[in-house]
Amino acid sequence: MNYKKVGRYAILGILFFLPVTFLLFLYPATHNYTPLDIVNESILDLKGFSSKDEEVVVLEDHITVLSFLGTTPMERLTAASNLKELVYDKFKGFKKFQVVLVAPRGSEADAEKLRKEVSLYEDLRFLHIVYGSPELIEVVFNSLKHSESLDSTLASDNVFIIDKDLNQRGRIDDRTDNEVEKNAKIYGLNSYDCIEVATIKNKMSEDLRILFTEYRQKRKGEFNSDTRRVEEITVDDEKN
């Protein structure tokens, strides 16, 4: 028997079937992923807000990352830059995706300066800045589920994911595998700190990817909402 020939065919067989086997393991995972939780419903839309070019900016029917700049937008430059580079640049090609920055009226000059700082002459068609009264900003913010309130300038480093149906998305259970094994108390993730690069890269980007997958499956008629974690975990869902 020609053992060299047999060995050669065995190696070729392994090289051929190994990738196929790997893909077969991946295939069911693409259909049985866990959708991104709805952590709050009925988020208020941006009625009463205006934009520089009088463009009508709304949350409904969009997948939105919502941010609050406050009266001194340039002080949020680090957070805005992280948001642009790690989120906007990654997802701007997806249909109906937008980033909306909220600022009080009177801060237009500072907000536009911020926009120029983060743009680097790139396409920011899907990044909008809207302006409203302090009272209106507070009302919209308070319709969100949050762990930290706006600061004295009406700003926050935390940003929020809003889906097309004005639901706030996040994680009902944000425990690590190690915390789950130790039966640690359940805690959620309702917003994403833009100063924490790891949070944006590892959590927010992944959560947006999952949300886009959900809408793609809905278009194809393949989405099954029964797998949603919100139905599997009982927690106090009152706003903080």
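Where is Asp 163 found? Asp 163 sits in a loop. On one side of that loop is strand S6, residues 158-162, and on the other is strand S7, residues 168-170. The model is predicted.

Start with the surroundings of this residue. Is Asp 163 buried or exposed? Its relative accessible area is 0%. Buried means under 20%, so Asp 163 counts as buried.

Now look at what its side chain meets. A polar atom of the Asp 163 side chain lies 2.8 Å from the backbone nitrogen of Asn 167. The side chain of Asp 163 also makes a polar contact with the side chain of Arg 169, at 2.8 Å. Leave aside residues up to four places away in sequence, and Asp 163 touches Leu 59, His 62, Arg 169, Leu 211 and Tyr 215.

Turn next to a pair of helices. Helix H2 covers residues 77-91, and helix H3 covers residues 108-119. Their axes come within 10 Å and cross at roughly 45°. The crossing is right-handed.

Which residues meet where H2 and H3 touch? H2 supplies Leu 77, Ala 80, Ser 81 and Lys 84. H3 supplies Leu 114, Glu 117, Val 118 and Ser 119. By type, the residues of this contact divide into four nonpolar, two polar and two charged.

How values were computed. Residues numbered from 1 in each chain as written. Predicted model: local features only at pLDDT ≥ 70, side-chain atom pairs only at ≥ 80, totals over all residues. Heavy atoms only, no water. Helix = DSSP H or I, 4+ residues; strand = E, 2+ residues; numbered from the N terminus. Buried < 20%, exposed > 50% of the residue type's maximum accessible area, 1.4 Å probe, protein only. Polar contact = N/O pair within 3.5 Å; in protein donor to acceptor, adjacent residues only side chain to side chain. Contact = heavy atoms within 4.5 Å. Axes fitted to C-alpha atoms, helices over the stretch in contact; angles between N-to-C directions. Left-handed = near helix turned anticlockwise from the far one by under 90°. Nonpolar A, V, L, I, M, F, W, Y, C, P; charged D, E, K, R; others polar.
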